[in-house]
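Subject: The structure, with some notes

Hi there,

Here is the structure I promised to pass on. Have a look at it, and then read on for what turned up.

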Amino acid sequence: MRPIIVQNAVIGVMAFFVICGVLIILSLHMEDPKKWGLILILVLGGITSLFLLIYPRYKKSTIFANRDSLTMDEIYTRYYSDCGLSKNVVLKLWQDIAQILRLPVGKLRPTDEFGKEMGPYRVIDDDLNELEAITFRQLKEAGAKVDFSTIKTLDDYIRSIGNIIESSQQQKEDKGGVI
């Protein structure tokens, strides 16, 4: 299991036990009407917390449930065979995104948007932050920069980052070949 999943589960369980403990303590002194308001707030907070832990999984499964699953070869042939990027670079980036965002690799499409189909599941999305950090490292290694405001879809990402990676690889090969 990934550390963030474990962290979310631990926080959820801890919150549940804290809320239960507070409710038990407050229920011992029910004669004070102000405590009923506090109990109501805690119960609603607990329900909201549980909803925020469960809803992301439901949302993710419904977005991709009705899509056909494509093989990696089908993805490249259908969407990228004529774009000038190598199959290895395209499929590596595609798989990285699917793995980091924990999405089904064969059900992603180039038109999937960051923040919509990819990553709209939580208020704070650690997966998108992880993808951004990895991308920044790749760009730093290549000595390049990208205006992330222009990258809206998976296709935008593949083409922008893929071109940078391939240019960087080509420059390294050219420098390695010169004596």
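Below are notes on one helix, an aromatic pair, the salt bridges and a loop residue.

First, some ground rules. This is a predicted model, in which local features need pLDDT of at least 70 and side-chain atom pairs count only at pLDDT 80 or more, while totals for chains, interfaces and linings use all residues. Residues are numbered from 1 along each chain as its sequence is written, and side-chain values use heavy atoms, with hydrogens and water left out.

**Helix α3**
Helix α3 covers residues 72-80, and M72, I75, Y76 and Y80 are buried there. (Helices are DSSP runs of H or I with at least four residues, numbered from the N terminus; buried means under 20% relative accessible area, exposed over 50% and partly exposed in between, with a 1.4 Å probe and protein chains only.) Seen down the axis of α3, these buried residues fall within an arc of 95°, so they line one face of the helix. The arc is taken from the directions from the helix axis to the C-beta atoms. T77 and R78, on the other side of α3, are exposed.

**An aromatic pair**
Y80 also pairs with W94: their ring centres are 6.2 Å apart and the planes stand at 75°, so the pair is edge-to-face. (Rings of Phe, Tyr and Trp, the last by its six-membered ring, pair if their centres lie within 6.5 Å; planes under 30 degrees apart are stacked, over 60 edge-to-face, and the rest tilted.) The pair links distant parts of the chain, with Y80 in α3 and W94 in helix α4 (residues 87-100), 14 residues apart. Y80 has a relative accessible area of 0%, and W94 is likewise listed at 0%.

**Salt bridges**
The structure holds 4 salt bridges, each being a side-chain nitrogen of Lys or Arg within 4 Å of a carboxyl oxygen of Asp or Glu. Among them is K87 with D73, where the closest N and O atoms are 2.4 Å apart. K87 lies in α4 and D73 in α3, so this pair ties together parts that are 14 residues apart in sequence. Another is R67 with D112, at 2.6 Å; R67 is partly exposed at 21%, whereas D112 is buried at 1%.

**A loop residue**
S69 sits in the loop between α2 (33-64) and α3 and is exposed, at 53%. Leaving aside neighbours within four places in sequence, S69 contacts E74, G106 and K107, a contact being heavy atoms within 4.5 Å.

Best wishes

Technical notes. Helices (H or I, at least four residues) and strands (E, at least two) are DSSP runs, numbered from the N terminus.
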